[in-house]
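Here are a few notes to read alongside the model, written for someone opening it for the first time. Have it on screen and follow the points in order.

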Amino acid sequence: MEKYVSQLIEDILDAQRIEDEALEEEKEFDIEDHFAEVERYISGEGEEQLGDILGFKKIQFPPVERLNDEQMQSISEAFVQCLFSWNITAEIPENIPISLKYNLLVSTLEKKVFMQISGFIHLEFCHYDVETCPFGLEFCQCKDFENDFDDMDTIELKDGELPF
Ligand SMILES: [Zn+2]
């Protein structure tokens with residue numbers, strides 16, 4: 001498995017967007033391109049599966065049962081680095097178990113994204129519903145959000161006063 005993992009990591013790093021090409025594209029990007037992009041976005045035609053963009057299929061990633069923590073960590077790091085080169089960030093809390101992080105990252109290959117020439121794409125997993133949150137109750141960030149919300153309810157407001 002170790003050999004497969006090293007090869008996989010190498011392939012992931014090879015799938016990074018080449019910076020010069022990205023910069024070149026960005027430089028040549030003008031107002032017409034901008035509106036073409038907006039149109040593509042509105043029509044929904046511009047969406048591509050992330051795996052197709054990167055050239056990976058989920059099946060190429062071994063199941064967590066076959067990997068040790070260190071291997072999951074290395075693959076995840078390479079994956080995050082690769083996403084970043086494409087201006088994509090996966091919004092995953094730092095402290096979640098590595099197997100969960102690994103699975104969430106691999107699941108992004110089946111997400112549809114709209115690639116833009118400029119700007120960042122944030123892949124969100126938590127949809128502010130603790131019950132269905134993929135991070136689980138312990139690591140869900142929306143939980144904090146809900147707590148803040150509860151706090152807000154308990155603040156007594158004078159007429160016309162805003163809570164912030
Ligand atoms: Zn959540």
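1. A term to start with: two residues are in contact, or touch, if their C-beta atoms, placed from the backbone, lie within 7 Å. With that in hand, pick out Ile75, which touches Val5, Leu8, Ile9 and Tyr102, leaving aside residues up to four places away in sequence. Ile75 lies in helix 5; helices (H or I, at least four residues) and strands (E, at least two) are DSSP runs, numbered from the N terminus.

2. Some ground rules before going on. This is a predicted model, where local features need pLDDT of at least 70, side-chain atom pairs count only at pLDDT 80 or more, and totals for chains, interfaces and linings use all residues. Residues are numbered from 1 along each chain as its sequence is written.

3. Now the overall picture. The chain has eight helices and four strands, and from the N terminus on they run α-α-α-β-α-α-β-α-β-β-α-α. Among contacts between residues at least 6 apart in sequence, 71% join residues at least 24 apart. Buried residues make up 15% of the 164 residues in the chain. Here a residue is buried if 20 or more other C-beta atoms lie within 10 Å of its own, exposed if 12 or fewer, and partly exposed in between, with C-beta atoms placed from the backbone.

4. Back to Ile75: is it buried or exposed? It's buried, because 21 other C-beta atoms lie within 10 Å. Ile75 and Ile9 are 66 residues apart in sequence, but their C-alpha atoms are 5.8 Å apart in space.

5. Which residues have the most contacts inside the largest nonpolar core? They are Ile75, Ala78, Phe79, Cys82, Leu83, Tyr102 and Leu105, in a core of 18 residues. Two or more core residues come from each of helix 1, helix 4 (50-54), helix 5, strand 2 and helix 6 (98-107). Helix 5 gives the largest share, six residues. By nonpolar core I mean a set of buried Ala, Val, Leu, Ile, Met, Phe, Trp, Tyr and Cys residues joined through C-beta atoms within 7 Å.

6. Next, look at helix 1 against helix 5. They pack at an angle of about 10 degrees, with their axes 8 Å apart. Axes are lines fitted to C-alpha atoms, for helices over the stretch in contact, and angles run from 0 to 180 degrees between N-to-C directions. The two helices are therefore roughly parallel to each other; angles under 35 degrees count as roughly parallel, over 145 as roughly antiparallel, 65 to 115 as roughly perpendicular and the rest as oblique. Helix 1 brings Val5, Leu8, Ile9, Ile12 and Leu13 to the contact, and helix 5 brings Gln71, Ser74, Ile75, Ala78, Phe79, Gln81 and Cys82. By class, that's nine nonpolar, three polar and no charged residues. (Ala, Val, Leu, Ile, Met, Phe, Trp, Tyr, Cys and Pro count as nonpolar, Asp, Glu, Lys and Arg as charged, and the others, Gly among them, as polar.) Ala78 touches Ile9, Ile12 and Leu13, not counting residues up to four places away in sequence.

7. Helix 5 also packs against helix 6, at an angle of about 40 degrees with the axes 9 Å apart. That angle makes helix 5 oblique to helix 6. On the helix 5 side the contact uses Asp69, Met72, Gln73, Ile75, Ser76 and Phe79, and on the helix 6 side Ile98, Ser99, Lys101, Tyr102 and Leu105. These residues divide into six nonpolar, three polar and two charged.

8. Not counting residues up to four places away in sequence, Tyr102 touches Val64, Met72, Ile75 and Ser76.

9. Ala15 is in the loop between helix 1 (2-14) and helix 2 (19-27), and counts as partly exposed because it has 17 C-beta neighbours inside 10 Å. Ala15 touches Leu54, Gly55, Phe56 and Cys82, again not counting residues up to four places away in sequence. Asn87 is in the loop between helix 5 (69-85) and strand 2 (88-90), and its phi is near 60 degrees, a positive value in a residue other than glycine. Most residues other than glycine have a negative phi.
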